[in-house]
Every structure is written in structure tokens, then in C-alpha cells.
Number of protein chains: 2
Amino acid sequence: MSPEARRNLEPLMAPRAIAVIGASRDPAKLGHAVVRNILESGFPGEVYPVNPKAGEILGRRVFADIGSVPGPVDLAVVTTPAVTVLGILEACGKKGVGAAVVISAGFRETGHEGLEAEHRMREIARAYGMVVVGPNCLGVIDTLAPYNASFAAGMPRKGHIAFMSQSGALCTAVLDMSLGRGVGFSRFVSLGNKADLDEVDFIEAWARDGATRVVMAYLEGIGDGRRFVEAARRLTREKPFVAVKSGTTAAGSRAVSSHTGTLAGSERAYEAAFRQAGIVRAASVEDLFDVAVAFSRQPLPGTGGVAVVTNAGGPGIMATDAAERAGLALAALAPATMEALSAALPPAASVLNPVDVLGDATAERYRRALEIVAADPGVGALLVILSPQVMTRAAETAEAVADVAERSGKTVLACFMGEAHVREGVELLARRGVPNYPVPERAVRVLRAMADQARRRAAPEPRIQRFDIDPAAVAAVLDRARAAGRLEIGEAEARAVMEACGIPVPPSRLCATADEAVAFAESVGYPVVMKIASPDILHKSDVGGVRLGVADAGDVRDTFDLLTLRTMRRFPRAEIWGCLVQKEVRGGREVIVGMNRDPQFGPLVMFGLGGIYVEVLRDVVFRLAPFSREEAEAMVGEIRSAALLHGVRGEPPRDMGALVEALLRVSQLVTDFEEIVEMDINPLVVFEEGRGVAGIDMRLVISGEKGRNR
Amino acid sequence: MSPEARRNLEPLMAPRAIAVIGASRDPAKLGHAVVRNILESGFPGEVYPVNPKAGEILGRRVFADIGSVPGPVDLAVVTTPAVTVLGILEACGKKGVGAAVVISAGFRETGHEGLEAEHRMREIARAYGMVVVGPNCLGVIDTLAPYNASFAAGMPRKGHIAFMSQSGALCTAVLDMSLGRGVGFSRFVSLGNKADLDEVDFIEAWARDGATRVVMAYLEGIGDGRRFVEAARRLTREKPFVAVKSGTTAAGSRAVSSHTGTLAGSERAYEAAFRQAGIVRAASVEDLFDVAVAFSRQPLPGTGGVAVVTNAGGPGIMATDAAERAGLALAALAPATMEALSAALPPAASVLNPVDVLGDATAERYRRALEIVAADPGVGALLVILSPQVMTRAAETAEAVADVAERSGKTVLACFMGEAHVREGVELLARRGVPNYPVPERAVRVLRAMADQARRRAAPEPRIQRFDIDPAAVAAVLDRARAAGRLEIGEAEARAVMEACGIPVPPSRLCATADEAVAFAESVGYPVVMKIASPDILHKSDVGGVRLGVADAGDVRDTFDLLTLRTMRRFPRAEIWGCLVQKEVRGGREVIVGMNRDPQFGPLVMFGLGGIYVEVLRDVVFRLAPFSREEAEAMVGEIRSAALLHGVRGEPPRDMGALVEALLRVSQLVTDFEEIVEMDINPLVVFEEGRGVAGIDMRLVISGEKGRNR
């Protein structure tokens with residue numbers, strides 16, 4: 001069974017009967033809390049407490065084991081000690097249970113044996129076509145079924161957010177916060193140790209789940225990064241996915257020798273993965289709520305800017321400042337809108353955006369202003385700010401805001417600032433689906449995330465372009481090097497890889513004799529660069545093995561002798577193939593295109609300008625390969641020094657098209673050849689507009705095994 | 001009366017009798033609300049309603065005018081229409097009223113006449129030795145007196161935070177938020193239009209106010225930037241000052257022609273001002289509360305790192321991530337601490353920092369862990385995280401946290417996550433002075449601000465070093481140029497300014513003839529740079545007026561003729577003084593030191609590397625002059641490209657001492673000569689360690705008037 005196959009989560013999401021294995025009469029035990037929670041959650045199906053010491057729990061008959069339960073069981077919740085769990089799952093499988101939630105702890109968190117038990121758990125699940133949540137989790141809550149198969153006190157409200165968390169402790173905090181904020185969930189899952197079901201399974205299930213509009217997650221680590229990105233990418237074409245990712249762990253212990261390797265790292269990979277998959281990365285659990293609630297209760301903003309309507313100048317300025325910092329455009333109101341506002345508002349009001357309805361604004365004045373602003377086609381979203389003043393009626397104003405939100409169909413967020421004086425209004429907004437934020441900055445941050453999601457939704461699905469690269473030629477180089485035990489590849493061999501990829505390289509030839517070198521130099525024209533060609537010497541310039549600006553035939557002969565003799569003397573054991581002669585490239589802007597294979601997410605491609613821009617300023621961007629042309633273009637534009645490519649200070653603009661194509665070709669190369677673990681083209685020279693690029697030097701590090709992709 | 005004289009705010013902060021002018025019997029009128037608020041606020045002194053239509057208001061006798069009030073009046077609150085206000089203030093002055101709060105609107109916000117009235121208001125105040133708050137404000141509240149002389153509903157709690165706001169509407173929101181959060185204030189001032197008293201007067205008064213521990217402000221604009229910085233600097237040596245500054249307005253309409261001018265701007269100036277004055281800049285009103293409350297209720301952290309104690313792994317990781325991003329060190333617990341924790345906690349607990357007391361932690365377990373951690377001398381501050389789980393008792397745990405905070409005397413912040421399940425605990429924490437934050441990220445942000453404040457408090461007071469610059473020589477250059485109507489100064493004249501400042505310049509001479517040029521070149525050695533010397537040509541290299549690498553006597557003669565003849569042909573009207581001959585500087589790293597005079601804050605000095613680092617990467621830092629050596633050193637270290645000065649990629653380290661001294665000399669120059677409105681030394685070349693710097697080119701823009709400083 002392939003790991004990519006979709007799992008059947010139906011028994012988990014719509015069980016008809018639930019068994020609680022480890023049910024207890026002792027109210028201090030988890031096995032009691034779970035039974036009580038299921039019963040209190042209004043679950044309409046059968047509930048079977050299971051415990052060898054039969055009897056009755058909370059008025060329900062207890063069964064000695066799962067096998068003795070009379071009817072079919074879709075979902076089993078297991079709270080028994082770790083040692084019993086595998087046997088119980090086996091019994092569940094035999095009984096035909098579709099899903100198990102293992103709350104019991106004592107698995108991988110306790111060491112190797114626990115991890116082994118988890119592997120076994122997964123095997124049992126697969127063998128019986130069962131799905132397992134956990135172990136070591138808080139449980140699962142579903143407001144659709146509905147049931148609360150967890151030991152968390154309290155049932156969340158019903159809503160459209162599906163939540164999963166890798167931290168059970170955080171689940172309880174999130175649940176408690178959601179109740180305080182009036183936020184509702186569709187599904188609520190504590191992932192635990194993810195022995196069987198993991199984040200990707202839920203992403204896939206919730207993508208198809210009609211009851212879920214938004215997916216919200218707390219993640220610490222991700223099992224299979226590529227599956228995750230693929231699933232998340234599909235999800236976010238349809239539904240927003242907001243996640244906190246905590247724990248910026250090191251990239252792993254493999255020593256890195258390339259620039260890209262040094263600059264990459266797990267955090268960069270996660271950043272790229274989230275971005276490319278369209279996941280909104282929340283900065284905190286508070287931010288997670290802020291964003292998810294808006295997605296679940298308001299439509300995405302249409303085209304047009306943000307209009308701010310406020311009864312207080314100060315917070316209006318703060319909203320404007322925040323929008324500017326977030327790169328969010330404020331709407332320029334149409335003349336007709338401003339005229340209508342002038343007619344409707346007192347003379348001292350501001351009819352520019354932010355629209356200031358003044359401190360004495362009544363709900364009616366807010367309503368008129370909001371209706372006029374919402375009707376402006378240049379307005380994509382509205383932010384309504386209210387500061388409680390003498391004449392302010394927060395609750396009535398909230399009604400007006402909610403009415404306009406409903407009727408206009410536009411995105412409306414509120415910022416009713418304060419506590420006691422606005423509480424009623426805030427509660428009313430929550431009931432009617434208008435998210436409220438205590439300060440304008442938080443609302444603006446949410447609008448930014450919504451605008452990004454809208455743009456993403458509107459953009460065509462990213463297409464991965466394929467180029468005519470020559471896989472046989474690449475494979476030949478890699479195989480030959482591997483066969484010779486060389487896992488670092490440079491010079492002529494690497495150049496052959498670039499050529500096979502369709503990345504132009506300056507004419508060059510490995511010349512075994514001085515005569516050959518002269519003939520080649522004459523054919524391409526002077527000056528040329530000459531380098532000693534030896535598989536045993538990688539850092540040639542450090543050992544005097546490189547000469548630039550070789551100017552004529554005599555110079556070529558002298559240089560050939562100098563380089564070969566010098567190398568023979570210094571490295572008597574080095575194999576010498578001769579000299580590499582290459583036409584010298586003049587002009588152009590040097591950039592680096594590199595790749596580091598992330599253990600979780602695979603090939604992570606880096607781009608930056610060469611030299612100090614990478615080494616000192618670390619002005620680089622990353623994307624997971626393969627990526628689309630749009631992403632490649634974005635990469636080139638994102639570096640701080642991008643202007644240097646577009647032509648500043650009298651320099652000509654560079655050939656951006658050729659640069660983007662080179663990035664795409666590298667993307668294809670590192671995607672197709674999994675054995676390439678690190679790679680730098682440094683420098684890639686980008687010539688003037690229309691003149692293309694040239695890969696001057698490339699280094700590759702390959703693994704000792706062929707990639708699976710071939 | 002000098003504007004710097006300290007105003008007497010005693011009648012405002014401790015009035016014995018208050019008159020309300022414009023008092024009304026109509027509950028819908030502000031003049032009624034103010035009387036009611038004063039009476040309800042528990043003000044122990046006399047309250048005199050004043051209104052020509054005498055009678056009684058809320059049981060108090062009404063007086064026809066301020067003159068007829070029988071006893072002395074310290075504070076008058078004015079709510080009458082704008083046209084009456086000047087007359088009323090005059091009458092107040094005659095009566096001997098010490099302070100007036102003008103709530104009435106209709107002044108500068110309505111146009112020029114209103115502004116004139118405000119000037120008059122200020123004159124009246126000064127003439128009678130009275131202080132005036134407003135106009136166009138919400139009023140003033142004082143919890144010490146106590147009184148509520150505002151039309152805001154509700155009295156804030158008593159506390160140690162003094163708050164001022166330039167937005168009246170925001171005052172009401174802040175007041176409401178403070179009541180919800182249990183935050184107390186000492187003084188609460190709505191500044192209004194600041195006709196007389198402004199933010200600086202309150203900063204000065206609150207610096208001396210024993211009841212105030214923290215100053216909190218919402219500011220939109222600042223009147224006199226330099227007074228503000230001075231007053232804030234004095235304040236923050238003693239008390240934290242936290243402020244939201246909103247509204248990033250443009251620097252003004254004066255056209256700017258220098259690099260510094262282009263990159264500077266009001267936002268940069270505010271940033272530098274806040275930084276140098278030690279003000280914590282809050283990102284939102286929420287952040288303002290977060291930080292101010294902690295300062296008001298917890299001691300500043302001592303040396304040592306932050307220890308996190310948590311019952312949930314996830315939030316512990318989030319705290320660690322946030323600390324890392326904020327550059328805040330987590331404490332490395334001492335071996336003895338870890339041993340004690342191991343003995344006190346269950347085996348599965350983590351005794352590394354973050355200390356994980358596990359999900360089933362009782363209040364007692366928290367208490368033991370906290371006591372052990374707080375006793376570690378390497379711990380400067382504690383962050384206690386609690387996620388509500390089955391065994392969690394939030395209120396009891398809050399007691400334990402508060403006990404440890406009190407007994408240990410260390411900084412303790414809490415993060416009890418959730419709502420209903422932690423509410424009682426959170427309320428208890430608030431009562432006992434331990435600030436609580438809903439997510440770890442907000443607590444960490446606050447700890448960062450507290451650590452900064454502690455470091456600032458511990459640092460010696462910044463000292464402005466004076467250098468032996470030659471003011472007469474500088475003045476001579478500036479005066480001569482101004483007399484000739486030239487407000488842009490470059491080349492030889494600017495070089496004289498650098499020399500007068502003690503900034504080394506390469507040997508150079510203005511040579512009127514070719515013979516003179518040859519003689520000078522021979523004396524300093526070749527190669528030399530030659531430039532046309534003309535007061536009418538500023539951008540010499542653009543018009544072919546500069547030649548580098550002039551190599552011998554013949555070359556000097558040819559170049560002299562070429563430059564002068566070419567210039568005469570192209571600019572027949574240009575005055576030509578001859579050629580500037582300068583020894584050519586080789587090697588060294590080019591930097592820019594510039595200055596732009598901010599309308600609010602005065603000289604804003606910029607530093608960055610030359611060329612693309614400034615023009616493309618905008619990698620520059622700013623400080624207000626004059627600044628200390630420590631600030632100059634910080635400037636040099638803050639740019640992203642700082643490593644290029646310390647020596648990377650085989651380059652030698654540069655002479656940082658000489659660079660810092662050059663910055664300090666520039667700081668002194670632009671402080672002493674107010675007429676310098678813009679200045680760039682571009683490039684200043686920084687040679688290898690021990691070899692100093694050389695100012696190659698300088699441009700100055702001066703104002704048409706002599707500076708007042710001279």
C-alpha cells in the first residue's frame with residue numbers, strides 16, 4: 001500500500017458507534033472523562049464503555065472487551081496503559097473498527113521501544129484497513145457528528161474551522177480561547193505522535209470536507225515534507241490554511257560545503273514550503289485565531305483597496321500606518337462616493353479614506369457612511385473602527401456594521417476598541433460573523449493575509465515548465481564520478497552537466513597538450529582562461545592552478561607548461577588530465593544559483609548576487625524545486641539588491657529572461673536527479689538584455705546512491 | 001519667558017478647588033458630564049459650577065462667572081463655545097486660577113483664526129502664570145487628587161502609569177481597555193491641540209512625580225523635537241517611557257539634493273529620537289499596554305537570562321523561538337538548579353530551560369520548580385506558561401507564581417493561555433501584580449523591552465565628547481559662500497571645512513595656473529586627480545570636469561588646459577578659478593557620512609558604505625546629533641554590510657577608531673553650525689587599521705541665515 005493512498009477517515013468523521021476502551025468509573029481517570037465527554041457532547045449513536053471489570057459507567061453497560069460489544073463499532077478510543085495498546089488495536093481490527101484514537105502515552109516519547117511499538121501500531125492499522133490517531137494525544141472532537149472523544153473539558157462551538165495540533169496541551173488552550181472568543185470548529189484533532197495518521201491525511205480529508213472552510217494547525221515537525229507541500233497546495237487552491245510552525249531546528253548534522261548549504265537550513269525550507277503551498281504562517285496562536293476566524297466568517301476581498309471608516313482620527317492613522325507597512329493599498333474613493341459622503345456626514349467629517357465620521361457618530365451615521373463606501377467599486381474590503389465616546393452606541397453600531405457586511409457581500413472587519421463599553425457590540429459582531437480586533441494593526445494584518453489568499457485564488461494554477469535537458473548526458477557524468485568514488489564534481493564534468501541542462505557555458509575544452517590548447521584558443525579567440533584539469537584538485541585557484549587573461553599562442557604554451565609542471569611538483573600523486581581552456585567572459589553581473597537538498601522538503605534552490613551579496617549580506621532567496629516561472633520571476637525580484645540587475649548607476653539592464661530560464665532549468669535538474677545533494681553555479685554571469693547568461697563554474701555534491709527519480 | 005522654563009503643574013496635579021465653566025443642568029451636555037464626573041470621582045475639595053444662568057447643578061450652587069466664585073480656584077475646566085474661551089481664560093487669570101483644562105473645540109482644527117486664538121490662549125496663560133491643557137481635548141483625570149475632569153465615563157483605577165494622548169478619542173478606548181485589564185493610572189491627560197502645555201511639559205512633570213513609575217503616551221506629532229528628546233532622555237534614566245507614535249508624515253516640502261536627504265525623513269528621525277532618548281516604541285495600543293503594565297508592576301530584570309517554566313511543550317517551544325528572534329538569551333541553568341529540579345519533578349519532566357513541569361502539574365509542583373529556578377543566579381527573569389489541562393488549577397498556580405515573584409524579587413511574567421479555564425488565575429495575577437499575556441510571543445516582546453531598559457539604566461550616562469575643531473575657519477567658509485549667494489558648497493571650500501573639523505583630506509591645492517599645478521603635483525607625488533575649480537559647476541564629473549590618474553608633469557599641463565578650455569567652451573559664463581589638484585588616494589573602503597536637518601529634531605546624521613550600499617541597498621543608519629562615542633560605535637556596527645569594514649574575503653580590517661572619530665567630528669560640526677542644512681562626505685575613505693580616514697569629497701547645503709548657535 002503506497003503511503004500516498006488516501007485514508008478513509010469516514011469512521012472518524014461520522015461514526016455511528018463509539019467504544020471507549022479503558023472506560024473507568026473513577027472520575028479522576030481519563031477513561032472516565034472520555035466517556036462523560038462523549039455522552040455530554042450529544043453524540044446520537046451508540047456508546048460502549050469497555051473494561052474487563054465490567055459493570056456500568058454513567059448509566060451505560062460496560063463490556064469486557066471490544067470483541068464482546070454487540071453491534072458494529074466505527075470508532076474506538078483507547079486510554080489503557082501503553083503495554084496493552086497493540087493487543088487492543090489488533091482486537092479492534094478483528095472487530096472491524098474503522099478508526100482508533102489512542103490517547104494512551106508511553107510510546108516514542110519514552111525511547112526506542114516506544115517507537116517500535118508505534119511502527120507496529122501502523123502495521124496493524126494498515127493490515128486491518130483501520131486509521132489510528134495518536135498515540136499520546138488529547139483525543140478528537142467533532143462538532144458535526146457531534147462527539148467529544150477527548151479528555152478536554154468543554155465542547156467547542158460548531159463552526160467551519162478544522163483544527164489540528166501536534167501539542168495536546170495547546171489543544172486545551174486553543175479550545176478555551178475559542179470558547180471565550182465565540183469561535184467555532186468543525187473538526188478538532190490532537191495529532192499526538194502521529195504513528196499512523198499525520199497532518200497530511202487530515203489536510204487531504206479536510207480538503208474534501210464540506211463542513212470545513214478553513215484549516216488551522218499547530219505544527220512542530222512535518223513527516224514527509226513533499227507530500228505535505230503537495231497536499232497543502234491542493235487544499236489552498238480551495239480553502240485557506242493557517243498554521244503556526246514552531247521549533248526552528250537545525251538542518252541536520254550533515255556537513256555542508258556549498259554556499260547554499262551554509263545559508264539554507266530547515267527554517268528557510270519551511271518558509272519556502274509554506275509560501276509555495278499558500279499556507280498563511282501565523283506568528284502566534286493569537287495570530288492563528290485572528291486570521292482563521294476572518295477566513296471562516298468573511299468572504300475574501302475582491303479587487304480594490306481597503307476603506308477605513310472610523311469615529312476617531314488616531315486609530316484611523318494607526319490603520320493607515322499599518323496598511324502602509326503591510327504593503328496593503330488603501331482604496332482611493334471615487335468622486336461620487338466622496339460627494340455622497342459629504343452630503344451624508346457633518347461638515348467636519350473627513351470624506352477621504354480613512355473616512356472619519358467624527359466622535360459623536362451615531363449608529364445611523366455609521367450605517368450611511370458604510371453603505372456609501374461599500375457601494376464604491378474601488379473598495380475591496382472595509383475596516384470599521386470604533387472608539388467608545390460619549391455618543392457612541394457600540395451595539396447599535398455593530399448591527400449597522402453587520403447589516404452592511406451581509407448586504408454588500410464585501411469583506412468587513414471591525415475594530416471596536418475598548419472593553420466594557422464595547423463588549424455588547426463585540427459580542428453582537430461575533431454572533432453575526434464580523435470578526436473584531438482590539439487594535440487596528442491586528443485587523444490590517446488579517447486583511448493582508450486575506451488579500452494574499454484572494455490573489456492566490458485568482459492566479460492560474462502554477463505550471464511547471466519542462467525543458468529539453470539531456471538526462472542521459474547528466475547521468476553519464478554523475479555515474480562516472482560515482483563509479484570513481486568522487487562525490488564532489490567540478491570543472492569540466494560540471495560544465496558538461498550545465499551544457500546538458502541547456503545553461504550556456506563559455507566555449508571551453510579540456511586540452512591534453514599545449515598544441516591542442518593553442519588550437520582551441522585560436523578557434524575561440526583571446527583572451528582565454530586556463531585551469532589545471534585534475535580530478536584530485538578542487539580548489540584550483542588556491543593552489544595556483546588558474547590563470548586569467550592568457551593573451552596569445554605563446555602565452556598559452558607557457559601557461560600550459562607552468563600549470564602542469566607546478567601541479568606535478570606540488571601534488572606528485574595527482575592525476576593530471578591537462579588544462580581546461582576557456583574563452584574569458586568579460587562584463588556581466590555575477591549571480592549564484594545554488595541548491596541544497598532539505599531532508600524534509602527536498603531540493604531547495606537559492607538565488608542571489610555573487611560575492612559579498614551572498615557572503616556578507618546574505619541577500620538570498622529560496623524556493624523548493626520544482627517551481628513555476630512566476631516563482632522564478634518572484635525570486636529574482638525579491639532580493640534586496642534586485643535593482644542591480646535592472647540597471648542602476650549607468651549599468652545596463654540584465655537579461656532577466658535568460659536568468660529566469662536558468663533558474664527553471666536548475667529546478668528541473670535537481671528535481672530529476674535526486675542524487676544531487678548540493679550544487680552551486682557560482683558565478684552565473686548575466687549579460688545585458690538579450691545576450692543571455694553563462695555558467696562559469698559549477699560544483700556538485702552527489703550522494704553515493706542513484707536517485708530514485710531516475 | 002524661555003520656552004524651556006519648567007511650568008508649574010501643581011494646580012493641575014493637586015488642586016484644592018475646581019471650577020467648571022460651562023457647567024450645565026442638561027445631562028446631554030459636556031458641561032454636565034464634567035461636573036458629574038468630578039463629583040463622582042471622589043474629589044475632596046470644593047467644586048464650583050459656573051454658568052451665567054445661575055441656579056444649582058447636581059446639588060451644587062452655580063456661580064455666574066469665575067470672578068464671583070467665593071474661594072480660591074486652582075483648576076478651571078472650560079466647556080463653553082470657542083468664542084467665549086479667551087475671555088474666560090482672561091477672567092481665570094485675574095481670579096488667580098493656576099491651571100485650566102479647555103475641553104471646548106473649534107480652534108486650530110477649524111483654520112487659521114482658530115490657530116490665532118490658540119496663540120492668544122498661550123499668551124494669556126503665560127501672562128498670568130497659568131498652565132492650560134487643550135483646547136479640543138477630552139479633559140484630565142487624576143487618581144491621586146483624585147478627580148475626573150473629563151467627559152469620559154468611568155474613573156480609571158489608581159496605579160503608577162501616567163498616560164497622555166494626542167487623540168481624545170483614543171483616551172476613551174484606552175480607559176475602557178484599562179478597566180478591562182485591571183490596569184491603573186496615576187495621571188491621565190488628553191493633550192488636545194497643545195496650545196500651551198505639550199508632551200514635554202508632562203514628561204518633565206512626571207519625571208519628578210513620585211506617584212508615577214511609568215510614562216505611557218500616544219503621540220501623533222511632536223512640537224519641539226529637541227526639547228522632547230532632552231526631556232525624554234532625562235526621564236528614561238529614571239522611569240520607562242513607552243509610546244505609540246503614529247502618522248509617518250513626509251519630511252516636509254523642502255527639496256532635498258543629497259543622499260542623506262533622500263534617505264532621511266521624518267520616520268527615520270523619529271526612530272533615531274526614540275532610540276536615543278530611550279523610549280520604547282510600541283507597535284500598537286495593545287503593545288503599549290503590554291509593555292507599560294510590566295514596567296509598572298514588575299522590577300527590571302537583573303543580569304542573567306530568561307527562564308521559561310511551562311506545563312506544555314508547544315508553548316515552551318514558541319517562547320524559545322520568540323526569544324531567539326528577539327535576541328533575548330535564555331538562561332543556562334546551573335547544574336545545581338537542574339539537580340534540584342530533577343529531585344523535585346517527575347522523571348519525564350524537562351529540567352533544561354524551558355523547564356517542562358508536565359501537563360499534570362499541580363500548583364505545588366509549579367511552586368517548587370519556580371522557587372528552584374528563581375534561586376539560580378543565572379536567571380534574570382522568569383516566564384511562567386500555563387495551558388489549562390485536566391489537573392491544572394489556574395488560580396492556585398497563580399498564587400504560587402505571585403508568591404515566588406514577590407519573594408524572589410525577580411522579574412516574573414505569566415502566560416496563562418485560554419479564557420474561561422484560566423480567568424480566575426489571570427485575575428489573581430493581575431491583583432497581585434504579575435502581568436499576564438495570552439501568548440508567549442507577547443510576553444517575550446515585553447521581556448525584551450525590559451532587558452533593554454535595564455541595560456540602559458546600568459550604562460553610564462552618554463557623554464558628548466568635544467573635539468578641537470576650528471569654528472572660525474568653518475564660519476569663514478560658510479559666511480563667504482553665503483555672502484556670494486552660494487548656498488551649495490563643494491570642492492575646495494568644503495575641503496577647508498573638513499580640514500577645520502579635523503577630518504583628514506588628501507593633500508590638494510587650488511591651482512590657478514598649469515605651472516602651479518605641476519609644482520604641487522611634484523611636491524605630493526603622482527598620480528593626482530584634477531578637477532575644474534568653478535563655483536558655478538557642482539556636478540563636475542557629469543560635465544567632463546574631472547580626470548583621475550594624472551601621471552606626470554606633461555599630463556598635468558595637458559589636463560589643466562583640457563579642463564579649463566572645455567569648461568570655458570561649454571559654460572561661457574562660468575567663473576573659473578583654475579584646477580583643483582589632489583593626491584590620488586588608493587585602496588581603502590568608501591563610506592558615506594551625511595547629515596540632513598530634520599525640521600523637528602535637528603541634525604540627523606547618516607552613515608553607510610558608499611555606492612550601491614547606500615543607493616541600491618539603502619543600508620544606512622541614522623542618529624540625531626550630537627551623539628556619544630557609544631552611539632557612533634553602534635552606528636558603525638548596525639549596518640548590514642558592517643562585516644565589510646571588519647575585513648572579510650581577504651580584505652584587511654579598517655580603521656574603525658578613525659571612522660568613529662570622524663562621525664563624532666561631523667556630529668559636532670552639524671550641532672555647532674545650525675545653518676548647515678544638508679551635508680554629505682562622499683566618499684570618506686577608511687584605510688587599514690591604524691592608517692586613518694580621508695575625506696575625498698564633501699558637499700554642504702547651507703541656509704541663507706546664520707545659525708543661532710554661533
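Two salt bridges are counted between chain B and chain A, a salt bridge being a side-chain nitrogen of Lys or Arg within 4 Å of a carboxyl oxygen of Asp or Glu. Glu286(B) pairs with Arg442(A) in a salt bridge whose closest N and O atoms are 2.5 Å apart. This is a predicted model, in which local features need pLDDT of at least 70, side-chain atom pairs count only at pLDDT 80 or more, and totals for chains, interfaces and linings use all residues. Residues are numbered from 1 along each chain as its sequence is written, chains are lettered from A and ligands numbered from 1 in the order in which they are written, and side-chain values use heavy atoms, with hydrogens and water left out.

We can now turn to the rest of the interface. Between chain B and chain A, 16 residue pairs are in polar contact, with both residues at pLDDT 80 or more. A polar contact is a pair of N or O atoms within 3.5 Å; within protein, one must be able to donate a hydrogen and the other to accept it, and residues adjacent in sequence count only if both atoms are side-chain atoms. Several elements of chain B give two or more residues to the side that touches chain A, among them helix H5 (168–181), strand E13 (241–245) and helix H10 (285–297). Helices (H or I, at least four residues) and strands (E, at least two) are DSSP runs, numbered from the N terminus. H5(B) gives the most to this side of chain B, with eight residues. Sorted by class, the side of chain B that touches chain A holds 28 nonpolar, 15 polar and 15 charged residues. Here Ala, Val, Leu, Ile, Met, Phe, Trp, Tyr, Cys and Pro count as nonpolar, Asp, Glu, Lys and Arg as charged, and the others, Gly among them, as polar.

In total, 58 residues from chain B and 59 residues from chain A take part in the contact, where contact means heavy atoms within 4.5 Å. The area buried between the two chains is about 4300 Å², and carbon and sulfur atoms give 62% of it. Buried area is the accessible area (1.4 Å probe) that two parts lose on being put together, summed over both.

Next come the nonpolar cores. A nonpolar core is a set of buried Ala, Val, Leu, Ile, Met, Phe, Trp, Tyr and Cys residues joined through side-chain atoms within 4.5 Å; buried means under 20% relative accessible area, exposed over 50%, and partly exposed in between (1.4 Å probe, protein chains only). Within the largest core, of 226 residues, Phe228(A) and Phe228(B) touch the most other members. Leaving aside residues up to four places away in sequence, the residues that Phe228(B) touches include Val200(B), Phe241(B) and Phe601(B).

The peptide bond from Tyr526(A) to Pro527(A) is cis, with omega near -5 degrees, and Pro527(A) sits in the loop between helix H19 (514–524) and strand E21 (528–533) of chain A. Ala625(B) and Pro626(B) are also joined by a cis peptide bond, with omega about 0 degrees. Leu358(A), a residue other than glycine, has a positive phi, near 80 degrees, and is buried at a relative accessible area of 19%. For Leu358(B), phi is positive as well, near 75 degrees, and this residue counts as buried at 18% relative accessibility.
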